[in-house]
Amino acid sequence: MQWFYNMKISRKLIISYLILAMISAIVGVVGFYNITRLDNADTELYESNTLGLDYIGNVSTYFQRIRVNLLNTNTDVTAEKIDNYIAKANNYINLVNEYLEKYQDTMVNEEEQAIYDNLKSVWERFEQVVLKAISLIDSGNVEGGIEYYLSNRSLIDEMQDCIDELFKFNVEDGLKREESNEAIARNSILVMSVVIVLAIIIAIALGAFISSTISRPITNLVEVSKKLATGDIDVKVEATTKDEVGTLMQAFSDVIENIRKQAEVVEKIADGDMTVEIDIRGPKDFLNMKLAELVKTNNEVLSGINTSAAQVAQ
């Protein structure tokens, strides 16, 4: 982790922002995935079961209307009405075929396919019975057509049973899909909650970590400054990083070292040692320059005193 500590503060902040952006992106992707998954599940429920129920419901409705219109031809009606009943029956036959064809696009598994194939097979046989009955009625043999139609009552009942079975399958399959969709929704909520909580924890931890890398050394510098302000030079600052804060700590360490050397010089001067060497670091090193002047002046004064003493002694 030392490489991270040595980074410039600006880079640390940029990296932290990028990490937060990536976390936000992950939250968004997970949310988008779950929403898409739930939407697809609802779409599948609609296309496979809701539409399936609608189509098979129409098949059942038109199947019953075929039966009603055929039986109506046996009542005491005119030839015109009989033709009308036959025309309606033929139209309903076409509608049943149309909705059976549409239903094919909604099937999702082999079980449903088997039920549908059985219904289609029974319907084709029933359709032939109806068409033959219509042919007899249309030729004027109404009683013969009705009698032929009713002689196939077992086929009529079988057709109704097949419709009921397919209708039941769609209801039960729809309930299963609904339960599955609810489970998907619950799982999505759970996953999103976990991801969001983790994102919050990571964001807080990252913020605390970045903050500590900056505030901790600054706090240390403040404590050292307070000690220096009271004249305590027995302090030490060590730069542990190479970022701006590390540079500041190194500079502060240099200041402390300079003050410590100046204190040693003053201590030697106070002890009467005028041979001390003072390192003037630059044209603006005011304190060391003045100390150097003080040592020079004292040496000149002492030299003058020694000269005078020597003259008096002679």
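A: Let's start with a term: helices (H or I, at least four residues) and strands (E, at least two) are DSSP runs, numbered from the N terminus. This is a predicted model, where local features need pLDDT of at least 70 and side-chain atom pairs count only at pLDDT 80 or more, while totals for chains, interfaces and linings use all residues. Residues are numbered from 1 along each chain as its sequence is written, and side-chain values use heavy atoms, with hydrogens and water left out.

Our part is helix α6, residues 153-229. Patches are made of residues with over 30% relative accessible area and no salt bridge, with like charges joined within 9 Å and nonpolar side chains (Val, Leu, Ile, Met, Phe, Trp, Tyr) within 5 Å. Areas come from the Shrake-Rupley method with a 1.4 Å probe, and for residues only the protein chains shown count as cover.

Six residues of α6 give the nonpolar patch its largest share. That patch covers about 590 Å² and is made by Ile19, Leu190, Val194, Val197, Leu198, Ile201 and Ile202. Ile19 sits in helix α2, residues 9-72.

There's a negative patch too, and its largest share, five residues, also comes from α6. Its members are Glu111, Asp157, Asp161, Asp164, Glu165 and Glu172. Here Asp and Glu count as negative, Lys and Arg as positive, and His and the chain ends are not counted. A charge is placed at NZ of Lys, CZ of Arg, CG of Asp or CD of Glu. Glu165 is partly exposed because its relative accessibility is 40%, given that buried means under 20% relative accessible area, exposed over 50%, and partly exposed in between (1.4 Å probe, protein chains only).

Now for the salt bridges, each one a side-chain nitrogen of Lys or Arg within 4 Å of a carboxyl oxygen of Asp or Glu. Asp173 in α6 pairs this way with Arg177, their closest N and O atoms being 3.0 Å apart. They are four residues apart in the helix, so about one helical turn separates them. Asp173 is buried because its relative accessibility is 13%, and Arg177 is buried as well, at 15%.

Arg177 also forms a salt bridge with Glu44, at 2.8 Å between the closest N and O atoms. This pair links distant parts of the chain, with Arg177 in α6 and Glu44 in α2, 133 residues apart. Glu44 is partly exposed, at 37%. Together, Glu44, Asp173 and Arg177 are linked in a network of salt bridges.
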